[in-house]
Amino acid sequence: MAFKAEYIWIDGTEPTAKLRSKTKIITGAFGGLGTLPIWGFDGSSTNQAEGHASDRVLRPVFSCPDPIRGGDDILVLCDVLDTDMTPHRSNTRAPLTEVAERFAAQEPIFGIEQEYTFFDGSRPLGFPENGFPAPQGGYYCGVGSDEIFGRDVVEAHLENCLKAGLAISGINAEVMPGQWEFQVGPVSPLEVSDHLWVARWLLYRTAEDFGVSATLDPKPVKGDWNGAGAHTNFSTKAMREGYEAIITACESLGEGSKPLDHVKNYGAGIDERLTGLHETAPWDKYTYGVSDRGASVRIPWQVEKDGKGYIEDRRPNANVDPYVVTRLLVDTCCSALEKAGQV
Ligand code: ADP
Ligand code: MN
Ligand code: MN
Ligand code: MN
C-alpha cells in the first residue's frame, strides 16, 4: 500500500514569493503529520540557495486530504529550513510561531478575505479582446453571464477547499469582472495562514484544469478598476468581550512608526493599490473608523452596536504573506493590550 503526498512550499521569489510543490510516494498507511518524513529540494531553482550549496530542507507543518487526487492522497504544507535545520531566511512561519506562542493567552483569531483575479491569457477573464468591459457597478455579487466570469472554477475551488477540510467560510464575486474573493477563518494565526496558503495552492491548481490562471496581483488593471486586497479581520478574547480593547487595538496601529512598519510588509505594490480611491485609504495616512470603507482600519457597525467583536485591517494587498500580516497584528495589538492591562 502507498499514497501520494504533495509537498507544497513557499519559495524565495522577490518581491512576492510563489508556491512550489512536488510529489512523494509514501509506502504504508498515513499515520499523521508527525510521521511524515522531511524532504529536500534544489534551492538554486527557487531563489533559496546558490548552486554550489543548493540543498534546502522541507519540513511538514500541516497536512490535509488531497481533494484533487482523492483517495488516501494528501497535501503537505512545509516550511523551508537550511541543512542545519534552522529556518531559511525566506521562512516567515518560524517568526510567527514565536509571536503566536508569546501571546497565545490573549486568544487571537483571524478571518482573511482573499481577493484574486482570473486571467485568460493576458486579459482578465470577461474582458473583451479589444478595449474594456462596461465600467464597474454590476459585477460585485452579481448573477448572469453578462456579469459573472469564472463561476465554474470558483465553485470547484470552494468544493476542493471543503474536501480538504480548510476553514474556508465564504465566497463572493468582486467589483471588477473576473475578480473574486474567498474568506478563511476566523481561526488562530497559524491556522489561518497555513489554510490560506493551501487554499491559494488549490486555487492555482483548480484553475489549471480549466485553462485559466489566477493571480494575486494587487492592481491587475491600471486605471479606474478596483485593486485586489486581503482584508484581515482580527480579534482577541478581550476585543470579543468589550469595546475598550477594540479602541486600544485601533489606536496601537497608529502609534509612532507602526503605520509604515505594517504597510511596507503588507505586500509588494501596496502604494499602487492604497491610493485613497476605490474603497482604500492612502498608504501613508493611518485612520480608523466605524463602518468606514475609506479608512485603513474599519470597525464594523455591528461591533460598535454590540460594543465588542473585531476590527478589519483593510490595507493588506492580495499578495500579502499571511504569516507576516498576522504576526505584525498580534505583535502590535497584543503588546498594546497587555500594556493597557486589557487582557
Ligand atoms: P466584508 O466583505 O463585509 O468586509 P466578509 O464577510 O468578507 O466581510 O469577511 C468578514 C471576515 O471576518 C470573515 O472572514 C470572518 O471570518 C471574519 N470574522 C468574523 N468574526 C471575527 C472575529 N471575532 N475575529 C476575527 N475575524 C472575524
Ligand atoms: Mn469580503
Ligand atoms: Mn472584497
Ligand atoms: Mn472586507
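In which helix does aspartate 306 lie? Aspartate 306 is found in helix α8, residues 301–306. Helices are DSSP runs of H or I with at least four residues, strands are DSSP runs of E with at least two, and both are numbered from the N terminus.

## Before you start

Welcome to this predicted model, in which local features need pLDDT of at least 70 and side-chain atom pairs count only at pLDDT 80 or more, while totals for chains, interfaces and linings use all residues. Residues are numbered from 1 along each chain as its sequence is written, chains are lettered from A and ligands numbered from 1 in the order in which they are written, and side-chain values use heavy atoms, with hydrogens and water left out.

Let us turn to the metals. The manganese ion (ligand 3) has Glu115 (OE), Glu174 (OE) and Glu181 (OE) as its protein donors, at 2.1 to 2.2 Å. Donors here are N, O and S atoms within 2.8 Å of the metal (3.2 Å for Na, K and Ca); water is not among the atoms, so sites may look incomplete. Along the sequence, the donor residues of ligand 3 follow the spacing E-x58-E-x6-E. Glutamate 115 sits in strand β6 (residues 109–120) and glutamate 181 in strand β9 (residues 179–187), so this pair links distant parts of the chain, 66 residues apart.

The manganese ion (ligand 2) takes Glu113 (OE) and Glu181 (OE) as protein donors, both 2.2 Å from it. Glutamate 113 belongs to strand β6 and glutamate 181 to strand β9, so this pair ties together parts that are 68 residues apart in sequence. Glutamate 181 coordinates both ions, and the two manganese ions are 3.8 Å apart.

How accessible are these glutamates? Glutamate 181 is buried, with a relative accessible area of 4%, and glutamate 113 counts as buried at 14%. Glutamate 115 is buried too. Buried means under 20% relative accessible area, exposed over 50%, and partly exposed in between, using a 1.4 Å probe and protein chains only.

The protein chain is divided into domain 1 (2–91) and domain 2 (99–339), with bounds that come from an automatic or database domain assignment. Their C-alpha centres lie 26 Å apart. Domain 1 gives 15 residues to the contact and domain 2 gives 17, where contact means heavy atoms within 4.5 Å.

Together the domains bury about 1500 Å², with 79% of it on carbon and sulfur atoms. Buried area is the accessible area (1.4 Å probe) that two parts lose on being put together, summed over both. On the domain 1 side, Leu19, Pro67 and Ile68 lose the most area to domain 2, together 37% of what that side buries.

Across this interface the rule finds 0 salt bridges, a salt bridge being a side-chain nitrogen of Lys or Arg within 4 Å of a carboxyl oxygen of Asp or Glu. It does find 2 residue pairs in polar contact, both at pLDDT 80 or more. A polar contact is a pair of N or O atoms within 3.5 Å; within protein, one must be able to donate a hydrogen and the other to accept it, and residues adjacent in sequence count only if both atoms are side-chain atoms.

Serine 235 is part of strand β11 (residues 232–235) and counts as buried at 4% relative accessibility. Its side chain meets that of arginine 240 in a polar contact of 2.9 Å.

Aspartate 306, from our opening, counts as partly exposed at 41% relative accessibility. Aspartate 306 and glutamate 241 are 65 residues apart in sequence and 9.6 Å apart in space, C-alpha to C-alpha.
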